[in-house]
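User: Could you take a close look at the pockets in this one for me? I'd like to hear what lines them and what sort of chain they sit in.

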Amino acid sequence: MKAEKLDQFDLKILRTLQRDASLSQRDLADRVGLSQNACWRRLRALEEKGVIVGRTLRLDRDRLGLGLVVFVMVKTRHHSASWLQTFRQHVSSIPEIVDFFRIGGDYDYMLRIVTTDMASYDTVYQRLIQKVELDTVTSYFAMEAIEERRPLPI
């Protein structure tokens with residue numbers, strides 16, 4: 001996929017929205033140094049190009065009782081398209097799996113699981129292994145989130 005060409009105003013808009021997507025158009029325009037109409041046109045263009053794919057709300061995991069973060073590394077012997085489709089659908093059906101990557105190296109996939117505690121993680125683990133054959137599943141438990149959900153470096 002080719003990267004979109006963005007000028008300094010587009011980058012300012014994106015940097016600003018990454019930090020606070022709840023800004024009004026007026027506040028956003030003021031912060032990036034554009035008129036409201038010019039800012040709105042650029043925002044719409046960024047959405048139409050697919051650079052902005054949605055706006056979300058960041059939540060505090062700890063205040064919601066979701067203090068356990070687990071990075072799960074998966075190896076498989078299967079690499080067919082049909083197996084991968086089944087695995088993707090299965091992983092996507094487990095809401096505690098918040099990130100899912102196919103990776104290179106010693107493992108094939110990496111998952112980030114957010115849940116309440118070890119017992120809850122074990123339930124997620126049991127669901128993960130019950131429908132799809134996996135070779136190795138290795139879990140790493142985060143002790144502290146030093147930086148989490150940082151803005152993209154643009």
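**The pockets, up close**

Helix H1, residues 8-19, is the top contributor to the lining of the largest pocket, putting in 4 residues. Keep in mind that this is a predicted model. The largest pocket holds about 950 Å³ of space. Its lining runs to 27 residues, and the ones closest to the centre are Leu17, Gln18, Gly54, Thr56 and Arg58.

Now for the second largest pocket, which has a volume of about 250 Å³. Here 13 residues make up the lining, with Asp60, Arg61, Asp62, Ala145 and Glu148 nearest the centre. The lining of the second largest pocket splits into 7 charged, 5 nonpolar and 1 polar.

As for the chain around them, you've got 5 helices and 4 strands, running α-α-α-β-α-β-β-α-β along the sequence. The radius of gyration of the protein chain is 20 Å, whereas a compact globule of 154 residues would be near 15 Å. Along the principal axes, the C-alpha atoms fill a box of roughly 55 × 40 × 25 Å. Buried residues account for 29% of the 154 in the chain. Looking at contacts between residues at least 6 apart in sequence, 64% link residues at least 24 apart. Finally, the accessible surface of the protein chain is about 10,800 Å², and carbon and sulfur atoms supply 50% of that.

Methods. Residues numbered from 1 in each chain as written. Predicted model: local features only at pLDDT ≥ 70, side-chain atom pairs only at ≥ 80, totals over all residues. Heavy atoms only, no water. 1 Å grid on protein atoms, 1.4 Å probe; cavity = no way out; pocket = protein on both sides within 12 Å on 5 of 7 lines; lining within 4 Å. Points joined across faces, edges and corners; volume = space filled by probe spheres on them. Helix = DSSP H or I, 4+ residues; strand = E, 2+ residues; numbered from the N terminus. Nonpolar A, V, L, I, M, F, W, Y, C, P; charged D, E, K, R; others polar. Rg over C-alpha atoms; globule rule 2.2 N^0.38 Å. Buried < 20%, exposed > 50% of the residue type's maximum accessible area, 1.4 Å probe, protein only. Contact = heavy atoms within 4.5 Å. Areas by Shrake-Rupley, 256 points an atom, 1.4 Å probe, with all protein chains shown as cover.
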